[in-house]
Amino acid sequence: MKQHDTNQFARHVGLPRLGAEGQAKIISGHVMVIGLGGLGAAAGLYLASSGVGFLTINDFDRIDATNLPRQILFRAGDVGEYKTEVTRSALQAVNPALEIVALNQRLDEKELLQTTDNVRVVLDCTDNFASRMLINRICHERRTPLISGAAIRFEGQVAVFRHDKSGMPCYSCLYTDRDDNLENCAGQGILAPVAGTIGCMMATEALKVLTGLCSDLERKVWIYDGLAGTSQTIAIAKRPDCPVCRPDRPGQEY
Ligand SMILES: [Zn+2]
């Protein structure tokens with residue numbers, strides 16, 4: 001592991017419930033960020049600046065001019081470059097001790113299973129339903145905590161799925177295949193800082209998982225209405241017939 005300048009994180013170390021021990025867990029933490037759009041940019045930036053030691057980043061897109069308002073790691077001169085490569089440079093400029101694996105391809109199920117090996121927490125920053133369902137399945141199989149975020153128009157939401165704990169709901173308990181018509185921001189628009197708000201929430205939740213701080217969002221989804229300037233949390237029930245996490249599903253150990 002590269003040497004971190006621990007003095008840099010004095011404001012974390014001074015936090016009563018985090019301290020030097022918590023910062024050490026952040027520095028030894030391995031987080032995977034899937035999707036380097038508006039959520040992944042904000043989350044990745046705060047994870048890097050907070051001292052996370054290992055990041056796996058995944059996206060297969062090149063940077064487009066329409067990305068720039070909310071994908072805050074990218075500059076006008078980066079248009080046309082691969083998101084993974086520009087993200088790697090930007091995050092290592094913030095935290096030179098950060099070790100990054102950049103995966104510049106669409107990962108299939110087998111590849112996703114391989115790349116999540118040794119990952120402590122996964123951030124789903126993708127913008128399509130099929131990817132979200134696949135990532136949830138893989139995280140459940142791996143028993144890896146999953147932080148799921150979404151943003152569209154003036155709204156966003158965040159949920160934490162503790163696949164590493166028994167009896168917890170999963171993404172497929174919240175959404176079913178019938179919800180396949182989830183919208184994306186290309187068609188519906190997105191106010192740029194709303195994506196940042198959700199990405200920052202995801203980074204906060206990831207740091208809490210790494211450091212063992214508890215969260216209300218482990219059984220709830222946090223819903224932000226940027227237009228009204230309000231937020232609410234709604235409980236997520238574990239579905240007894242969930243195709244991913246139901247207790248009697250073959251292969252379940254709970
Ligand atoms: Zn489930």
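I'll start with a helix pair in this predicted model. The axes of helix α3, residues 38–49, and helix α9, residues 192–211, come within 7 Å and cross at roughly 45 degrees. At that angle α3 and α9 are therefore oblique to each other. The crossing of α3 past α9 is right-handed.

Which residues make this contact? On the α3 side they are Gly38, Leu39, Gly40, Ala41, Ala42, Ala43, Tyr46 and Leu47. On the α9 side they are Ala192, Ala195, Gly196, Ile198, Gly199, Cys200, Met202, Ala203 and Ala206. By class, the contact of α3 with α9 has 13 nonpolar residues, 4 polar ones and no charged ones.

Next, what α9 does on its way past the sheet. Helix α9 lies across β1 (30–34), β4, β5, β6 and β7. Relative to β5, α9 runs at about 170 degrees.

Now the sheet itself. It is an open sheet of 8 strands, and the order is β3-β2-β1-β4-β5-β6-β7-β8. The pairing is mixed. At the edges are β3, residues 99–103, and β8, each of which pairs on one side only. From one strand to the next, the twist averages 15 degrees.

Let me stay with β5, residues 146–152, and take its two neighbours in turn. Strand β4, residues 121–124, pairs with β5 in the parallel sense over 3 bridges. Leucine 123 stands opposite isoleucine 147 of β5. On the other pairing, β5 and strand β6, residues 155–161, are antiparallel and share 7 bridges. There, leucine 146 has phenylalanine 161 in β6 as its bridge partner.

Is β5 buried or exposed? The strand is mostly covered, with 7 of its 7 residues buried. As a reminder, side chains in a regular strand alternate between the two faces of the sheet. In β5, Leu146, Ser148, Ala150 and Ile152 are on one side, and Ile147, Gly149 and Ala151 are on the other. Both of these faces are covered, and the residues named are all buried.

Where is leucine 227? Leucine 227 lies in the loop between β7, residues 220–225, and β8, residues 230–235. Why does leucine 227 count as exposed? Because leucine 227 has 11 C-beta neighbours inside 10 Å, and the cut-off for exposed is 12 or fewer.

Definitions and conventions:
Residues are numbered from 1 along each chain as its sequence is written. This is a predicted model: local features need pLDDT of at least 70, side-chain atom pairs count only at pLDDT 80 or more; totals for chains, interfaces and linings use all residues. Axes are lines fitted to C-alpha atoms, for helices over the stretch in contact, and angles run from 0 to 180 degrees between N-to-C directions. Helices (H or I, at least four residues) and strands (E, at least two) are DSSP runs, numbered from the N terminus. Angles under 35 degrees count as roughly parallel, over 145 as roughly antiparallel, 65 to 115 as roughly perpendicular and the rest as oblique. A crossing is left-handed if the near helix is turned anticlockwise from the far one by less than a right angle, and right-handed if clockwise. Two residues are in contact if their C-beta atoms, placed from the backbone, lie within 7 Å. Ala, Val, Leu, Ile, Met, Phe, Trp, Tyr, Cys and Pro count as nonpolar, Asp, Glu, Lys and Arg as charged, and the others, Gly among them, as polar. A residue is buried if 20 or more other C-beta atoms lie within 10 Å of its own, exposed if 12 or fewer, and partly exposed in between; C-beta atoms are placed from the backbone. Two strands pair if DSSP finds at least two bridges between them.
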